[in-house]
Amino acid sequence: MALNSWGLRPNAPAAQEIVRRDRQAELPQVEGTLLPFGNGRSYGDSCLNSGGTLLLTRGCDRFIDFAPIDETRARLVCDAGVLLAEIIELFLPRGWFLPVTPGTRFVTVGGAIANDVHGKNHHRAGSFGNHVRRFELLRSDGSRRICSATENANWFAATVGGLGLTGLITWAEIELRRVGSDALDVSNTRFEGLDEFWAINAAAEAQHEYAVAWIDCLARRPRGIFMAGDHVGGDGTAEPAASQARRALKAPFTPPFSPLNALTLRAFNTAYYHRPLPARARSPLLPYFYPLDGILEWNRLYGRRGFYQYQCVVPKGAEAAIDEMLAAISTSGQGSLLAVLKTFGAPEAHTPPGLLSFPLAGATLALDFPDRDEETEALFARLDAIVAAAGGRLYPAKDARMPRSLFRAGYAKVEEFARFVDPKFSSNFWRRVID
Ligand SMILES: Cc1cc2nc3c(=O)[nH]c(=O)nc-3n(C[C@H](O)[C@H](O)[C@H](O)COP(=O)(O)OP(=O)(O)OC[C@H]3O[C@@H](n4cnc5c(N)ncnc54)[C@H](O)[C@@H]3O)c2cc1C
C-alpha cells in the first residue's frame with residue numbers, strides 16, 4: 001500500500017514503511033523515524049515520512065466515554081483514530097455536534113489536534129484545540145502523559161498543532177456542543193471588491209456563528225459570495241448524518257493532466273458567481289460545512305501531477321496584503337475554483353492553544369493551484385514575499401513547499417517547540433523546514 005497526502009504531489013511519498021497501530025501496543029520498534037498518519041487529509045508533506053515509518057491510527061477507533069457537562073456541552077472520550085465523520089454520524093442524531101470543524105469531516109481526532117484545525121466559526125470558537133480537554137501522549141521511550149491545559153500544560157501546548165512530532169496521541173477527550181437540529185440558516189451575499197467584503201464580514205461576524213467567503217480569484221476585481229450561517233433551533237433531534245450524505249459522487253478517474261486551466265477556471269468561476277442564489281436558505285448541515293465531501297476523491301481531478309494548496313494568514317491591520325495577493329494571482333492566470341477568504345480572531349477565552357497553532361487574528365486566504373512547474377513556483381515566490389512583508393505565515397497542514405525562512409519567520413515559538421519533538425519522530429515537512 002502506498003500512502004500519499006491529499007495534494008498527491010507525485011514527488012512526495014518515496015518509500016515509507018507502513019505499520020498499523022494496535023490499540024494495546026507500545027510504539028513499534030523501527031529502524032529510522034516514525035510519524036503518526038491519520039487519514040491523509042493534509043495537503044502537503046506534513047503527514048509523510050519518506051524513508052521512515054508511518055504509523056496508521058485509523059484502526060484505533062473506539063468510542064470510550066460520553067457524558068453531558070451541562071445543557072449545552074458534553075465530553076466525549078475516544079481513540080485518536082476516530083474520524084470526525086464517525087462522531088457526527090453517531091452524535092448529530094442525538095443533538096450534538098463538533099464545536100469546531102474543518103472543511104472536510106474525513107479527518108481523525110488525532111489529525112485535528114496535531115494541526116489544531118480551524119473552521120468557519122473561528123471568530124466565536126477559536127480552533128479545535130480550544131475544545132480539547134485532555135489526551136494521552138505516548139512517547140518513543142514508552143512514557144505516557146495525560147496532557148491538558150492544567151496537567152503537563154507545556155506538553156499540551158506543544159502537541160496541539162504539533163504536527164505529530166511530539167509523540168502519538170492515543171486517545172482524547174473533546175467537547176461536543178448542543179445543536180437544536182441538523183439544519184442551518186444560511187445567508188448568501190455577493191460582493192465586489194474587498195472593501196465590500198470587509199464591511200459584510202464585520203457585520204456578519206457580529207451576528208452569525210459561521211462566516212466565510214468564496215472568492216473568484218481570477219476576476220480582475222476580486223468578487224465572491226459571502227456565506228453566513230447559524231444553527232437552527234429545534235427539539236434536539238436530527239436526521240441521521242448518513243442520510244444527508246447519501247449522494248456523494250466519486251471522481252471517476254485521474255486524468256493524465258489537469259483539465260483545470262485558465263480558460264476553464266475563469267468560465268467556472270464566472271458561472272459560479274452568477275448562479276441563482278437565494279439570499280436566505282435553510283440548508284442541511286453537511287453540505288454547508290463539507291461541500292467538497294460530496295465528491296469523493298475530488299483531489300484526483302487535478303491530474304497525475306497533483307496540486308498545491310496555498311493557505312496564509314496575515315495579521316489584522318495588514319489586510320492590504322490580501323488585495324496584493326489576489327492581484328498577483330489574477331495577473332498570473334493561475335488559481336483555483338476553490339478559493340476561500342475568512343477572518344480569524346477568537347475571543348480571549350479561545351487564544352491559540354498550541355505553540356505552532358496556525359490561526360492568528362487577521363485574514364486567511366486559501367487557494368488550490370494545479371502544479372505548473374516554474375510558473376507556479378514564481379507565483380508562490382511572489383505570494384511568499386507579500387506574506388512575509390505583512391508579518392503573516394503559511395499553514396503547514398496545507399503546505400508542500402514553503403521556504404525554511406518563511407516558516408521560521410512565521411512561527412516565533414519554533415525553538416521552544418523543537419524541545420518537545422520526540423527524537424524518534426520526524427516528517428518530510430519537518431526535515432524540510434528545520435534540518
Ligand atoms: C477538503 C479539505 C478541507 C479542509 N479544510 C480545512 C479547514 O477548513 N481548516 C483546517 O484547519 N484544515 C482543513 N483541512 C486540512 C485537514 O483538516 C488537516 O490536514 C487535518 O489535520 C487532517 O487530518 P488527518 O486525520 O487526515 O491527518 P493526517 O493528514 O494523516 O495527518 C496530519 C498530522 O496529524 C498527525 N497525526 C495524525 N494522527 C495523530 C495522532 N494520533 N497523534 C499524533 N499526531 C497525529 C500526523 O503526523 C500529521 O502531522 C482540509 C483538508 C481537506 C482535504
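Let's start with the shell around the ligand. By class, its residues split into 16 nonpolar, 16 polar and 1 charged. On the classes: Ala, Val, Leu, Ile, Met, Phe, Trp, Tyr, Cys and Pro count as nonpolar, Asp, Glu, Lys and Arg as charged, and the others, Gly among them, as polar.

A word on the source. This is a predicted model, where local features need pLDDT of at least 70, side-chain atom pairs count only at pLDDT 80 or more, and totals for chains, interfaces and linings use all residues. Residue numbers run from 1 along each chain as its sequence is written.

Which residues come nearest to the ligand? Of the 33 residues around it, they are Gly-38, Gly-103, Gly-110, Gly-111 and Gly-164. A residue counts as near a molecule or strand if its C-beta atom, placed from the backbone, lies within 6 Å of it.

Now the elements. Helices (H or I, at least four residues) and strands (E, at least two) are DSSP runs, numbered from the N terminus. Three of them each supply at least two residues of the shell: strand E2 (34-37), helix H2 (109-114) and strand E9 (168-178). H2 gives the most, with 4 residues.

Next, the domains. The assignment gives domain 1 (17-57 + 427-434), domain 2 (63-179) and domain 3 (183-410). Those bounds come from an automatic or database domain assignment. The ligand shell draws at least three residues from each of domain 1 and domain 2.

How far apart are the C-alpha centres of domain 1 and domain 2? They lie 19 Å apart. The contact takes 16 residues from domain 1 and 18 residues from domain 2. Contact here needs C-beta atoms, placed from the backbone, within 7 Å. On the domain 1 side, E2 and helix H13 (428-434) are the elements giving two or more residues. E2 gives the most there, with 3 residues. That side has 7 nonpolar, 6 polar and 3 charged residues.

E2 also sits in a sheet. Three strands form an open sheet in the order E1-E3-E2, with parallel pairing. Two strands pair if DSSP finds at least two bridges between them. Strand E1 (17-20) and E2 stand at the edges with a single partner strand each, so one side of each has no neighbour in the sheet. Neighbouring strands here are turned by 30° against each other on average, direction ignored. E1 runs parallel to strand E3 (residues 53-56), joined by 4 bridges. Arg-20 stands opposite Leu-56 in E3.

On to another sheet. This one is open and antiparallel, with 8 strands in the order E14-E10-E12-E11-E17-E18-E16-E19. Its edge strands are E14 (280-284) and E19 (393-394), each pairing on one side only.

Look at E12 (residues 223-231). It pairs with strand E10 (residues 183-192) in the antiparallel sense over 9 bridges. Asp-185 stands opposite Asp-230 in E12. Strand E11 (residues 210-216) runs antiparallel to E12, with 7 bridges. E11 and E12 form a hairpin with 6 residues between them. Trp-214 has Ile-225 in E12 as its bridge partner, and Tyr-210 stands opposite Gly-229 in E12.

Last, the helices on these strands. Helix H5 (residues 194-207) lies across E10, E11, E12 and strand E17 (339-344), at about 0° to E12. Helix H10 (residues 373-389) lies across strand E16 (307-315), strand E18 (362-370) and E19, at about 15° to E16. Axes are lines fitted to C-alpha atoms, for helices over the stretch in contact, and angles run from 0 to 180 degrees between N-to-C directions.

Key:
Two residues are in contact if their C-beta atoms, placed from the backbone, lie within 7 Å.
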